[in-house]
Structures are given as structure tokens and as C-alpha cells.
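Have a go at each task before reading its solution.

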Amino acid sequence: QVQLVESGGGLVQAGGSLRLSCVGSGRTLSSNAMGWFRQAPGKEREFVSAISWTGGKTIYTDSVEGRFTISRDDAKNTVYLQMKSLKPEDTAVYYCAADVRFRSNTLYSSWNEYDYWGQGTQVTVSS
């Protein structure tokens, strides 16, 4: 069983930065793709970014491309989401997720392709 715990959320002004962390426990995640999603009030869960198990491949939703960077540190069993130039529309609860497929080279943007989820961390961007 995998447990994921996000942290790093908070309140920031527009144009500011935050770095989210997602720490895994239960087993190593070094052979698994990882993703970040977000959900704003009254909206569906939205894909943000994903990273391959090697770290060599990343994908982003268009609205965060060039502003957000996903990375991983397998020694710490941790995935990060560095967020810069934040906008009020980035306000949401951010969730990390793990894809249990072993060393898959495919990255998914659909939430139902991920098997384990954290509890989420709130990001609020004020204008």
C-alpha cells in the first residue's frame, strides 16, 4: 500500500511562487510515473503535470506550461511541483498521484489512470 502526503501549499499573491512536495511511503516509487492534479471549488479535477519514472519525460497542461516544473527525487521518494508566476486561476486543492504500472513509458493526463492519491494541499493565489 502506498501513502502520499502533499505539503507546501498556502496563500500567495499573484506573481508569487510556491513549491509543492509529495512524499511517498509504504514502498519506493522510483519505478512509477507520478502526476499532479488540481481541483477548484465547483470544478472537476484537472490534470496539471506528470513525470516519468526516469524523470526524463514530463508533460504539462497548457495553462501551466512554462510556469510550473515537475521533478522527482527518488532518494527521498518525493515528487515536487515548482510553481512560478502564479495566477488567481491557479487557486485549487493540489493532489499528487501515483501510477502503479511498473516502469511505464506512457504518461497519462486522465485522473482515472492513477491508482494512489494524496489528501491534497490548498493553494490560494490572491489578486
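The exercises below go through aromatic rings, a disulfide, strand pairing and one arginine.

This is a predicted model, in which local features need pLDDT of at least 70, side-chain atom pairs count only at pLDDT 80 or more, and totals for chains, interfaces and linings use all residues. Residues are numbered from 1 along each chain as its sequence is written, and side-chain values use heavy atoms, with hydrogens and water left out.

**Exercise 1. Classify the ring pair of phenylalanine 37 and tyrosine 114, and locate both residues.**

Step 1: recall the rule. Rings of Phe, Tyr and Trp (its six-membered ring) pair if their centres lie within 6.5 Å; planes under 30 degrees apart are stacked, over 60 edge-to-face, and the rest tilted. The structure holds 4 aromatic pairs.

Step 2: apply it. The centres of phenylalanine 37 and tyrosine 114 are 5.3 Å apart and the planes stand at 75°, so this pair is edge-to-face.

Step 3: locate the partners. Phenylalanine 37 belongs to strand β4 (residues 34–39), while tyrosine 114 is in the loop between β9 (92–98) and β10 (116–117), so the pair ties together parts 77 residues apart in sequence. Strands here are DSSP runs (E, at least two residues), numbered from the N terminus.

Step 4: check burial. Both phenylalanine 37 and tyrosine 114 are buried, where buried means under 20% relative accessible area, exposed over 50%, and partly exposed in between (1.4 Å probe, protein chains only).

**Exercise 2. Describe the disulfide and the strand pairing of β3.**

Step 1: there is 1 disulfide, meaning a pair of cysteine sulfur atoms within 2.5 Å. Cysteine 22 is joined to cysteine 96, S to S 1.9 Å.

Step 2: this pair links distant parts of the chain, with cysteine 22 in β3 and cysteine 96 in β9, 74 residues apart. Both cysteine 22 and cysteine 96 are buried.

Step 3: two strands pair if DSSP finds at least two bridges between them. β3 (residues 18–25) pairs with β1 (residues 3–7) in the antiparallel sense over 5 bridges, and with β8 (residues 78–83), again antiparallel, over 6 bridges.

**Exercise 3. What does the side chain of arginine 72 reach?**

Step 1: arginine 72 is in strand β7 (residues 68–73) and counts as buried at 15% relative accessibility.

Step 2: the arginine 72 side chain reaches the backbone oxygen of asparagine 32 at 2.8 Å.

Step 3: a polar contact (a pair of N or O atoms within 3.5 Å; within protein, one must be able to donate a hydrogen and the other to accept it, and residues adjacent in sequence count only if both atoms are side-chain atoms) of 3.0 Å joins the side chains of arginine 72 and aspartate 74.

Methods: Helix = DSSP H or I, 4+ residues; strand = E, 2+ residues; numbered from the N terminus.
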